[in-house]
Amino acid sequence: MSSEAIREQSFTRRALVLGGGMGLVGAMLTARMTYLSIFEGEEYRLASEENRVQLRLIPPRRGWIVDRNGKPLALNKPDYRLELIPEQITDLDRVLAQLGKILGLSFADELRIRADIAIQPSYMPVEVARDLDWPKFAALNVQVADVPGLQPVRAFSRVYPDADQFAHLLGYVGAPTPAQYKDQKDPLLIFPGFRIGKDGIERHEDRALRGRAGAQRVEVTARGKVVRELDTRGDVPGATLRLTIDRDLQNFTARRLGNNSASVIVIDCLTGDVLTMVSMPAYDPNIFSSRVPAALWKDLQENDHNPLLNKSAMGLYPPGSTFKMVTALAALKAGATPDQGVRCTGRYKLGNNTWHCHSRRGHGFVDMHGALPKSCDVWFYEYGRRIGIDAIAAMARRLGLGEKYPLPLPGQAGGIVPDQAWKQKRYKKSWSIGETLNSSIGQGYLALNPLQLAVMTARVASGRAVVPRLLAPADDAPPPQFASLGIPEEHLAIVRQGMYDVVNAGIGTARGARSPIDGVHFAGKTGTAQVRRISAEERRRGVKKNESLPWKQRDHALFVAFAPTEQPRYAVSVIIEHGIAGGRYAAPIARDVLTFMYDPERALKILGPIEAQLAAERAAAEREQQAEATAAVQAEMMPSWLRTDDIVPPEYEIGPADEPQLPRDEI
C-alpha cells in the first residue's frame, strides 16, 4: 500500500475518533441542559427570583399599656434609624468611615457594629444608629441612597412617660438573648432593634404585647438597591393592655415617698383591683430599653436602697405589730373573750427568759379592746402562748399571708408563715414556746411582702377572701364575687374597732394618721419591725435610739389601714425600710395617700414642702460631692513633696521615769 493511502486511512480513523468524541461531549451537554431545564428548572428559577426579589420583615408595633382610665403608661414613639445589611456591603471599612463623617460614630459604636455583624446572619440588618432626628434622617436618605446595604428605616421605640414611678410594675423591654431565639425560633428575635419584655408586666404579658410581624416583597438590583415594591402584608400591632392601676394615684404616691426606700399598695376591697403599687427608689426604664451605661448599672447594683428590687412583690419583711390582728382573730376563734385581759408590767417572763413590751413602764390591765390600740406586746405574748403557733398560722393563711397571687408579676415572693410542721421540715427541730411569743407580735420566722399585708387588710375590712388583680376586666364583665372568710362578723367587728381606735382614740399609736376629710374616717394598725438583736447588756445600759444607729440597723416602719371605716372600700399597706417607727413615719404616708383618693387637691398641697426639702437636700449633697471631687483633683495635682496627709509621725517608746539608765555601751 502506498504511503498516500496509509496517510488517508490514518486521517480517517482520527477524524472518526475526534468526531465521535465531539458527538459524545455534545450529547452529554445536551443531556445535562435537558436535565437542568426539565428536572431542576424550578429550583433555578426560584434562585433567580430570590436574587431579584427580597422578602423583608416588618416588625410589629408593641401594644400600649394604659391605666384604668385609659391614660398611657407605656407607649411607642417614632424612631428613625439607619440599618446595614452585611451581605450587600463590599467594603465595610470604607462604609464605616463614610458613616463616621455623616453621623459622628464613635470608636465604641464601630466596635458594636462589627460585633453585631460577626454574630448575626449576613442577611439580617444590623442597627447602625437610632433615635435620629428628622433633619438627619432626611439627609441620610439622600447621602446613602446609592450605597448598597445601607437603608434608613422608620421604626418605633418604647417610651415610659412616668419613668421610674412605674418601673417595677411595668418593667422594661430589651434585646432578646440567643437562648430566647433558640427556644422560640421566632425570626423577630434576631431582627435589629426589636425588643421584648424583660421584667414586670412587659415580660409576663410579652406575647400579647408583641403583636405579629408583617412582610414586604421588593424588587432589587444586583447591588441591592430597591427598584419597586411588589407586595406588602402589614404587621398586626400588639394588644392594648389595660391595668387596674390609677396613674394619678401612683404618681402622687411615688412623689410622697420622696427618697425613702419603701413600698405602698392600695387595693379596692370590693373588686380586688390594685389601684397603686409603688416601690421606691427605682430606675428609669427608658434607659434600660437601650444599652445601659456601665457606670449607671454599677451604681444601681451598689445602692443600699435596692432600686432594682420590686419591694412590693419581692421584698420580704417581718410584719411587726401589723400582724397582731391575726393573733387577735385566732384568739377569738380559740374562745377568748374581748373582756379577758392581762396585766402588763412592761415584761413577760417565761422560764428564765424575759420578753419586753414596747412600753417599758407597762400598760397596766389590758383587755382585747385596748390591746390593739395600745399595741400591748404582753397581751399578745400571753394569748399567743395559750392558743399556740398552729392556730395563729392557720388564721394568717386564711387572711392571705404566705400566698402567691395570680398577678402578671414575675418573681413574686411567697414569704414564710411558720408553724410546727414547717420548722420540723426546715430545721429538723421541734417548735418552742418562745418562738410562738415572737410570732404572736409579728417577729421571729415570719417574712411577708407588702402585697400580702394589703390583702390581709382588705380581707379584715371586707370579711371576704379578696384576691388582688392588676389586669382590668372588660367593661361589661360582672364584678367578682369573693367567698366569705368564714370568720364570725362579731370577731371582725372587734378587730375593726381596735384598728379604728389605733387612729382615732386618744390611746392609739397612730393618731397622726387621722383623716383630714369630714365624714371619712380611717382605721389602721402600726408596726415597727425589729431588724437587730437587742442584748440584755444593752437593755441594762439603755437601748440605743434608732436615730443614732446606722441606716441598715434601724427598725422597719409599717402601717396598714382601710377607709372609710363605715363601709370599707380601700385597703393600704406602707412599708418604709429602716424607717424607725410605723406610727411616726409610715402612718402619715398612708393618711396622705387615702386623702388623695377623696380630695386630690388637698393632698397635692402636702407635696410642696416635702419636695422643697428634698430638693434642698439633693443640692447640698451635690455640693458636697463636688467639693470632694475638687479636693481629690487638687490632691492628685499637688507634687508629692508638698503632701502632708501621708506623713506618719515617728513613735517613741518612753520608759518609766524612775527606771535606771543603761550603761552607754548597751544603748
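The structure is a predicted model, in which local features need pLDDT of at least 70, side-chain atom pairs count only at pLDDT 80 or more, and totals for chains, interfaces and linings use all residues. Residues are numbered from 1 along each chain as its sequence is written, and side-chain values use heavy atoms, with hydrogens and water left out.

We begin with the sheet. Helices (H or I, at least four residues) and strands (E, at least two) are DSSP runs, numbered from the N terminus. Two strands pair if DSSP finds at least two bridges between them. Here 5 strands make an open sheet with antiparallel pairing, in the order β12-β11-β19-β18-β17. The edges are β12 (274-280) and β17 (523-529); each has a single partner strand, so one side of each is left without a neighbour in the sheet. On average, neighbouring strands of this sheet are turned by 10° against each other, direction ignored. Such angles run from 0 to 180 degrees between N-to-C directions, and the axes are lines fitted to C-alpha atoms, for helices over the stretch in contact.

Inside the sheet, strand β18 (residues 556-563) is joined to β19 by 7 bridges, and these two strands run antiparallel. F559 has V574 in β19 as its bridge partner. Helix α20 (residues 450-462) packs on the sheet and touches β11 (262-268), β12, β18 and β19; contact means heavy atoms within 4.5 Å. The direction of helix α20 makes about 150° with that of β19.

Next come the aromatic rings. Rings of Phe, Tyr and Trp (its six-membered ring) pair if their centres lie within 6.5 Å; planes under 30 degrees apart count as stacked, over 60 as edge-to-face and the rest as tilted. The whole structure holds 13 aromatic pairs. In one of them, Y570 and Y598 are edge-to-face, with 6.1 Å from centre to centre and 75° between the planes. Y570 belongs to strand β19 (residues 570-576) and Y598 to helix α23 (residues 582-598), so the pair ties together parts that are 28 residues apart in sequence. Y570 is buried, with a relative accessible area of 17%, while Y598 is partly exposed at 30%. Buried means under 20% relative accessible area, exposed over 50%, and partly exposed in between (1.4 Å probe, protein chains only).

Elsewhere, ring pairs link Y172, Y283, F288 and W297 into a cluster. A ring can also have a charge over it: NZ of Lys or CZ of Arg must be within 6 Å of the ring centre and within 35 degrees of the ring normal. The charged end of R386 sits over the ring of Y383 in this way, 4.5 Å from its centre.

Last are the salt bridges, in which a side-chain nitrogen of Lys or Arg is within 4 Å of a carboxyl oxygen of Asp or Glu. The whole structure contains 24 salt bridges. In one, the closest N and O atoms of R247 and D162 are 2.9 Å apart. R247 lies in helix α10 (residues 247-257) and D162 in the loop between β5 (150-159) and α6 (167-170), so this pair ties together parts that are 85 residues apart in sequence. R247 is buried at 18% relative accessibility, and D162 is buried at 13%.

R496 and E489 form another salt bridge, at 2.6 Å from N to O. R496 is buried at 16%, whereas E489 is partly exposed at 44%. Salt bridges also link R62, R158, E202, D206 and R210 in a network.
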